[in-house]
Amino acid sequence: MLSYDLIFHLLGLCVVGAPAVLFATLGLSTLLRQRPLTERTISRCSQTAIVIGLIASVAILGMMLGLGRRHVPINLGTWVHIPDYHFVVKFEFDRLSVPFAILTFVLCGTIGAFASRYMHREPGYNRFFVLYSLFLLGMIVTSLSGTIETLFSGWEMVGLSSALLVAFFHERPAPVRNGLRVWVVYRFSDAALLIASVVLHHLVSGGDFDKFLGTAPWPDGKAAISGYEALLVGLLLLAAAAGKSALVPFSGWLPRAMEGPTPSSAVFYGALSVHLGAFLLLRVSPILQLSPLLCVVVVLLGLTTAVYAALAGHAQTDIKSALCFASLTQVGIIVAEIGLGLRYIALVHILGHACLRTLQFVRAPTLLQDRRILENAIGERLPRMPGFWERMLSERTRIWLYRFAIERGYLDSFLNDYIVAPFRRVFTWCDGMERRSTDLLTGGKSRESDRAETASGPLEELL
Amino acid sequence: MTDLHLPWLEASILVSLIGALVVSRLRDSDEARRWALGFSGIALASTIGAWLDFHELHVVEADDCWHLMTYIFGHEVLIIDQLSAPLLPLVALLYFLTALATLRTKIRRFSFALTLLSEAIVLATFSCKEPWGIIALLSLGTIPPLLELIHRRKPIRVFALHMGLFIVLMIVGWRFVDLEGGDQQRVHSLWAIIPLLLAIFIRSGIAPFHLWMSDLFEHATFGTALLFVTPIAGAYAAVRLVLPIAPDWVLRSIGLISLFTAVYASGMALVQREARRYFCYLFLSHSAFVLMGLEIVTPTALTGALCVWLSIGLSLGGFGLTLRALESRRGRLSLTDFKGLYEHAPALAVCFLLTGLASVGFPGTLGFVGTELLVDGVVEAYPYIGIAVVLAAALNGIGMMQTYFQLFTGTRYTSSVSLQISPRERFAVIVLAALLMVGGLAPQTNVKSRYHAAAELLHEREGVSGSPPVEMEMLDEDVPHDEDAHHEHEPEKGHK
């Protein structure tokens, strides 16, 4: 006779295992086989994994509702254990993680079906689906994680797949540069999360959410750290969330991410990935509760992002950028809601917003067609009425605001001029000093690599 | 001391030496490669045999049976212990895979005889615990790259100056240690410690003593430079020569300087304009991580450093082999433009990413847990400065992706010959990738073994001035052989 716990355990394994098996199948076939799998096989594998994962997660939800259980931990054992350190692989099904997992399966399933047609005969079809499966796995692991280390693992997978998908059309330099920019921001947000994880390890001797967020089911947990510690850890987690959700001052990467294929833009930056920071804040909301100052910072950051994104979104000249800023506006509001302690509202806001935005992104390529249909229907150009602010503000202010918006708040320029450029200058100077030193020791020119540009050529030239 | 069931250590070294001799007499490069592969393969099998045999014995250290070395030197020189047990197969694997993945375009320039000689020396170094033996072997180890530089008529001054200084400092330092009562005497003067410290800095490439490393990558063949640095012999010297005798404050100073080097090298890697130099700085940053963790004498940091040592040996070894494979196809690789090689060699691109990600501690790879442990230990030791290690790891990750984009993306490179990965290269990179993934998905065995090695190292430090007694808990029933094993250090027990 199967006990309920065993059924939960088996279903939980299906939820996490299906994306893992999908990624392993597609990844290994790329590495080991001379020829990639056919489009049909890839598409079927994706659909099967999504359907299994979705059915299992809905079944878990049904059982939780039926049995009145609000918290189902599934422990897959201790992955690493030495006396001062242990790493438990644990997944938690609760009111936060289950809706997020179901949302992930639904949206990834929809986009997977869409992409199998949209990407038909695209040279990187296989590559797209490998990265898509990595993203799906990362999302599921992050959503269901029961320890901060597991969350970090999923978080990194999402980051890697996102950066590589932004650079998907890698024959052109622009997507590649944008992919690198996304990766840079993600690495710093990952670093903040890693530091937070280490600090928590030291504070509560472990990374289990139960230990530092309390054993009560979400959102009723009571964090087991002091107010000052909560502020320190909370700020680190906020930095991580800001990077992942493109909050100010990291918002510059979001429009750049639109260089990727439309299906990935839709599901990643419009719907799921962009909400991951908000999800993290929801998950650690018992920590936020401990520090009013931290809550104020969260609200201010959310509102600043919302205002910034609303402003920038109005000046965008392409539909994907406009949609991404619209998306960011809502994410900013969601973050502010979390700071205000409105957790269920924030969760519902995430779910609704993600679905709406996915639909809008998927429809984006047909925007002109839609507009034409509308104009044909009414027999004239769509009317454009001046907005409230347009009437209220002077022309000079409007021009200033427009420049601010079209330059996306000068955030990219700020990061380039005040962080990247000085960094490069310092290390280029160091490189120059090293060159002088080795030249001096060698008694002549010491670097063969200077000739790399002229020396490199096709193989036949070397033979 | 317990004996292994077969003389694995002596076999691995002897086979490499015989191989060097045989291969040096062959004129045909193809034939030389085939023989070198055979000898290197046997050496690899011997080291794996030694590791498994040692694992089965459940002791802290063991030596070869039949005691050939005792007849020659009067005592056992070659010993396998918790620290060296996995390092020996790692070194042998790197040599084997490098020989295997050497393409025809490179076999005339790459000396297989010197490579086998170098393999014998490195295996002997990692099997030796005798201080003077280690000093002699580390000194000998500098000769094969030097010979190659001379043979290729490349500038040798930078390399020779650094290595000469390294050897002199090691000899001077240990002479003082001997004069002050040898390593049994736990307190030593700075006259003994400082020269040893500087020697370790030079061999490990700690800034500002790292110029020889970039110079070696500039002028030697990629394979030789790769094999000279990837085993991280400097860290081995630090563990054997400095760790047992240096006071805590000295170790902490080394840790801080290594931390600076890790950040500096990761920043330097980002501004490099050529792939070899980039690899050199990336490696430098990672090896500084290892040294830093080793010198923070806490169980967590030490375990993390030993895990990272293994993981970067495999991951950066694979990363270097991937770059070398690309270099065989395109010549020296500048990083100032996009090369567009993805369509030609997608498998190499995947391996590049996989090994690169493993080196920066991406989840699911061998490097992940080691990096977590190391960061944990460093932050514990230096709560604020320690965060720099996370910064360095982030910069390394950025550099890795930047290089990936520069090499594999961009307008598709056109070539009239196939640039596909060869079956040998595919085998080499898949073996490394599989080890990285399997080690990453099931890390406990590796972490446990490294924890035991850390326990042994801390045990050896007991009584050193300034070093607080460290209590290491036992893990489970297969560990406590330590207690029995500690007795085996006692000379009166003799051979079992």
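**View 1. Buried residues of helix 12 of chain B in the predicted model**. In helix 12 of chain B, the buried residues are Ala233(B), Gly234(B), Ala235(B), Tyr236(B), Ala237(B), Ala238(B), Val239(B), Arg240(B), Leu241(B) and Val242(B). The helix spans residues 233-242, and because 10 of its 10 residues are buried, helix 12 of chain B is largely enclosed by the rest of the structure.

**View 2. Packing of helix 10 against helix 14 in chain B**. Helix 10 covers residues 211-219 of chain B and helix 14 covers residues 275-295 of chain B. The two pack at an angle of about 145°, and their axes are 9 Å apart. The crossing of helix 10 of chain B with helix 14 of chain B is right-handed.

**View 3. Residues in the contact of helix 10 with helix 14 of chain B**. Helix 10 of chain B contributes Met213(B), Ser214(B) and Phe217(B). From helix 14 of chain B come Arg276(B), Arg277(B), Phe279(B), Cys280(B) and Leu284(B). Sorted by class, this contact of helix 10 with helix 14 of chain B has 5 nonpolar, 1 polar and 2 charged residues.

**View 4. The contact between chain A and chain B**. Chain A gives 57 residues to the contact and chain B gives 66 residues. On the side of chain A that touches chain B, the elements giving two or more residues include helix 1 (4-32), strand 1 (71-82), strand 2 (85-94), helix 5 (148-166) and helix 19 (411-442) of chain A. Helix 6 of chain A supplies the largest share of that side, 14 residues. By class, the side of chain A that touches chain B has 29 nonpolar, 16 polar and 12 charged residues.

Technical notes: Residues are numbered from 1 along each chain as its sequence is written. Chains are lettered from A and ligands numbered from 1 in the order in which they are written. This is a predicted model: local features need pLDDT of at least 70, side-chain atom pairs count only at pLDDT 80 or more; totals for chains, interfaces and linings use all residues. Two residues are in contact if their C-beta atoms, placed from the backbone, lie within 7 Å. Helices (H or I, at least four residues) and strands (E, at least two) are DSSP runs, numbered from the N terminus. Ala, Val, Leu, Ile, Met, Phe, Trp, Tyr, Cys and Pro count as nonpolar, Asp, Glu, Lys and Arg as charged, and the others, Gly among them, as polar. A residue is buried if 20 or more other C-beta atoms lie within 10 Å of its own, exposed if 12 or fewer, and partly exposed in between; C-beta atoms are placed from the backbone. Axes are lines fitted to C-alpha atoms, for helices over the stretch in contact, and angles run from 0 to 180 degrees between N-to-C directions. A crossing is left-handed if the near helix is turned anticlockwise from the far one by less than a right angle, and right-handed if clockwise.
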